[in-house]
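The sequence and the model are shown first.

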Amino acid sequence: MEGKIVKKKRTMGRRKPKSLFNKLPIALQTEIFRKLFMKEKSNAMCVSHSWRNLILTTAIPKENPLDPLMEPSNSPSPYLDLKQFFNWCSLVIGCRIRPKNLIDTCNGLLLFCRKDGQADNIVHGVYHYYVINPITKQCVAVPKPVGKISGAYSYAALAYDYEESWFFKIVRFQGHRHINIFSSMTGTWTTLIICFPKHINESYWVKKSIYLNGSIYRLSSSGHLLRIKVDPQENVSKQGEVIELPPDCLFDNSQLNISSQDDKILLVLSRGAKFMCFELVECVTKGASTYTWNMKVSKENAKLLPLNTNGKLLSISPSNDLAFFKNKRSLYFYLYNSNGKNVKEVGVIRDDPIVFEYMRKCGQRLFECFIPFACCLEKENERHFQRLLVPK
């Protein structure tokens, strides 16, 4: 009987290309990263979590790293070339994006929610939140919380402040009693309970929100400003606070809006020919907070009467002293801190359907943030979130 010789086929596994850069001393790697422009650092942070941590800890300036790196787009006719801007967002997400799809914007980051985005490991027909920084060319897709991914999305807000952390949070409001919070540091969703009085829960909450110093602020039709802390509190009753509005704001024909400037919450009241701006002042005594409203602006202008009677206050831009109104199919601006005699206080903004739709739906100012946000790459997989390839 002849013996058979069986030759085993030699298989060669795929060899990963060796990285000469990673063999360099850490000090030399750091020096190379420091010489990169901020946008190049942002791209390098997406290569691996080791590069990200090295850049975050060594290659970013420590003194005033965000001033003047973050610049607002200032113009009476807001803001950038919005048509080109939203076309670029459509290219990134993989579906048509319009201003009405923008849920929130916070310190340079944008928040969308779509179910028809195109990317690897993204299931078509399942709602995902998309967080984009158009300046640093970053985009991540975050699936909705487990059990809530199939239905239409509810209101959500971004919580992001580069001076606090480079990680962002998505705060999704689950009715008036719970909030779902996604953290890019952990890559997971958590749920927090918020306890407000019955009349607050039964009132209408204005969708627009402002994030400041660890809290989300929203107006309630009950005549209150709601403060909701995004970090879990030891006592559930302290997760949310109710702040009474000034008495002038309680009239039925009052138009209200909130914004922030210099780490302060601003409240604008526009009624009849009157225009007032208040600043929220918090006083903490033995761990308990009390709030007062200081009036910053009080003016009257007869040209405001038709805007308040038949129009709608859309938003305010405190750094420019501008308020924006919609009346019929026209967009108006009101320069409420004008001291010059020849300055036009009330005027019509150029006819632009994209700008009009943006102001009507969102209205918050767009910022350019050259500081890249951080995301938990080592926790990243299809169950959590994924980075999208962004065109340069």
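## Basis and overall make-up

Of the contacts in the chain with a separation of 6 or more, 52% are accounted for by residues 24 or more positions apart, where contact means heavy atoms within 4.5 Å. The model is predicted, and local features need pLDDT of at least 70, side-chain atom pairs count only at pLDDT 80 or more, and totals for chains, interfaces and linings use all residues. Residues are numbered from 1 along each chain as its sequence is written, while side-chain values use heavy atoms, with hydrogens and water left out.

The chain holds seven helices and 23 strands, taken as DSSP runs numbered from the N terminus (helices H or I with at least four residues, strands E with at least two). Of its 392 residues, 49% are buried, a term that stands for under 20% relative accessible area, with exposed for over 50% and partly exposed for values in between (1.4 Å probe, protein chains only). The accessible surface comes to about 21400 Å², and 51% of that surface belongs to carbon and sulfur atoms; the areas come from the Shrake-Rupley method with a 1.4 Å probe, and for residues only the protein chains shown count as cover.

## Aromatic pairs and a charge over a ring

The whole structure contains 15 aromatic pairs, where rings of Phe, Tyr and Trp (its six-membered ring) pair if their centres lie within 6.5 Å, and planes under 30 degrees apart count as stacked, over 60 as edge-to-face and the rest as tilted. One of them joins F196 and W205 in an edge-to-face arrangement, with 5.7 Å from centre to centre and 80 degrees between the planes. F196 is buried at a relative accessible area of 9%, and W205 is buried as well, at 3%. The pair of F275 and Y336 is stacked instead, with centres 4.9 Å apart and 25 degrees between the planes. Because F275 lies in strand β16 (residues 274–285) and Y336 in the loop between β20 (330–335) and β21 (346–348), this pair ties together parts that are 61 residues apart in sequence. Both F275 and Y336 are buried.

Elsewhere, ring pairs link Y129, F168, F182, W189 and F373 into a cluster. The charged end of R218 sits over the ring of F173, at 4.4 Å from the ring centre; this description requires NZ of Lys or CZ of Arg within 6 Å of the ring centre and within 35 degrees of the ring normal.

Strand β19 (residues 322–327) pairs with β20 in the antiparallel sense over six bridges, two strands being counted as paired if DSSP finds at least two bridges between them. Along this pairing, A323 has Y334 of β20 as its bridge partner. The two strands form a hairpin with two residues between them, and K328 in the turn has a positive phi of about 60 degrees. On to the next strand, β20 and β21 run antiparallel and are joined by three bridges, with F333 standing opposite G347 in β21.

In helix α1 (residues 26–34), the buried residues are Q29, T30 and F33. They lie on the same side of α1 because they cover an arc of only 100 degrees around the axis, the arc being that of the directions from the helix axis to the C-beta atoms.

F37 is placed in the loop between α1 and α2 (38–45) and is exposed, at 64% relative accessibility. Although F37 and F370 are 333 residues apart in sequence, their C-alpha atoms are 9.8 Å apart in space.

## Positive phi in two loops

Most residues other than glycine have a negative phi. N107, in the loop between β2 (102–106) and β3 (109–114), has a positive phi near 50 degrees and is partly exposed at 22% relative accessibility. K137, in the loop between β4 (128–133) and β5 (138–143), has a positive phi near 60 degrees and is partly exposed at 26%.

## The surroundings of S220

S220 belongs to strand β11 (residues 215–220) and is buried, with 6% relative accessibility. Leaving aside neighbours within four places in sequence, S220 is in contact with S203, Y204, W205 and L226.
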